[in-house]
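Thank you for asking me to look through this model with you. I have set down my remarks as numbered points, which you can follow with the structure open beside you.

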Amino acid sequence: MNTYPYTYRITSKTTGQHYYGVRYRKGCNPSDFWVDYFTSSKRVHALIEQYGKDDFTTQIRHTFPNGKDAIAWEAKVLSKLNVTNRDDWLNDAIFPPSGNPSINKSNHIPKPIDAFEAWLEAFNKETEKNSKIQSWYYS
């Protein structure tokens, strides 16, 4: 089963609100988007229940060779768009997979992006280490 990580953008035709997300789990494929996978956002799911899935325009923005690149790209886009300070975006936070948001809409007190960059550096080192272990194991 091949994995094709990707980022996507959806827009509600009724509310005009957007959501930018990433999908990187094993076996993911852009062809599944809005067919079998409808984001992990509770806010998007609430709008789907209210208006139906046909209320949204969807777009695959980028595909990536690995999840690490997809995750980093999503965080970069969300930061650049300043989504946590905008009501026209449904994204509540910019989450690295560690589960600790570097920027969170609920408290409006952004932590420095340095925290995310430090996490990403650690994630990259761990991924590189695991890759070397896997290479050794499978050789």
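The points below begin with the chain as a whole and then turn to its parts.

1. Please keep in mind throughout that this is a predicted model. The secondary structure of the chain amounts to three helices and five strands, and when these are read along the sequence they follow the pattern β-β-α-β-α-β-β-α. Of the 139 residues in the chain, 37% are buried. If you take the contacts between residues at least 6 apart in sequence, 55% of them join residues that are at least 24 apart.

2. The largest nonpolar core has 13 residues, and the members that touch the most others are Tyr 8, Ile 10, Phe 33, Trp 34 and Val 44. Two elements, β1 (6-12) and α1 (42-51), each give two or more residues to this core. There is also a second, separate core of seven residues, which includes Val 77, Leu 78, Trp 89 and Ile 94.

3. The buried residues of α1 are Val 44, Leu 47 and Ile 48.

4. At the start of α1, a side-chain oxygen of Ser 41 comes to within 3.3 Å of the backbone nitrogen of Arg 43. Just after α1, Gly 52 takes a positive phi of about 90 degrees.

5. How many aromatic pairs does a search of the whole structure find? The search finds nine. In one of these pairs, the ring centres of Trp 34 and Phe 38 are 5.2 Å apart and the ring planes stand at 65 degrees, so the pair is edge-to-face, given that planes over 60 degrees apart are counted in that way. Ring pairs also link Tyr 6, Tyr 8, Tyr 19, Phe 33, Trp 34, Tyr 37, Phe 38 and Phe 56 into a cluster. One member of that cluster, Tyr 37, has the charged end of Arg 23 sitting over its ring, 3.8 Å from the ring centre.

6. Trp 34 is placed in the loop between β2 and α1, and because its relative accessibility is 10%, it counts as buried. Leaving aside neighbours within four places in sequence, Trp 34 is in contact with Ile 10, Thr 39, Val 44, Ile 48, Lys 53, Phe 56 and Thr 58.

7. Most residues other than glycine have a negative phi. Trp 34, however, has a positive phi, near 65 degrees, and Thr 39, which is not a glycine either, has a positive phi of about 75 degrees. Thr 39 lies in the loop between β2 and α1, and it is buried, with a relative accessible area of 5%.

8. Is His 18 buried or exposed? His 18, which is placed in strand β2, counts as buried because its relative accessibility is 14%, and the cut-off for buried is under 20%. Not counting residues up to four places away in sequence, His 18 touches Arg 9, Ile 10, Thr 11, Asp 88, Trp 89, Leu 90 and Asn 91. With Arg 9 there is also a polar contact of 3.0 Å between the two side chains. The C-alpha atoms of His 18 and Thr 57 are separated by 9.4 Å, although these residues are 39 residues apart along the chain.

9. My last point concerns Gln 17, which lies in the loop between β1 and β2. Gln 17 is buried, with a relative accessible area of 17%. Once neighbours within four places in sequence are left aside, the residues in contact with Gln 17 include Ile 10, Thr 11, Arg 43, Leu 47, Asp 88 and Leu 90.

Notes. Residues numbered from 1 in each chain as written. Predicted model: local features only at pLDDT ≥ 70, side-chain atom pairs only at ≥ 80, totals over all residues. Heavy atoms only, no water. Phe/Tyr/Trp six-rings, centres within 6.5 Å; stacked < 30°, edge-to-face > 60°. Buried < 20%, exposed > 50% of the residue type's maximum accessible area, 1.4 Å probe, protein only. Lys NZ or Arg CZ within 6 Å of the ring centre and 35° of its normal. Core = buried A, V, L, I, M, F, W, Y, C linked by side-chain atoms within 4.5 Å. Helix = DSSP H or I, 4+ residues; strand = E, 2+ residues; numbered from the N terminus. Contact = heavy atoms within 4.5 Å. Polar contact = N/O pair within 3.5 Å; in protein donor to acceptor, adjacent residues only side chain to side chain.
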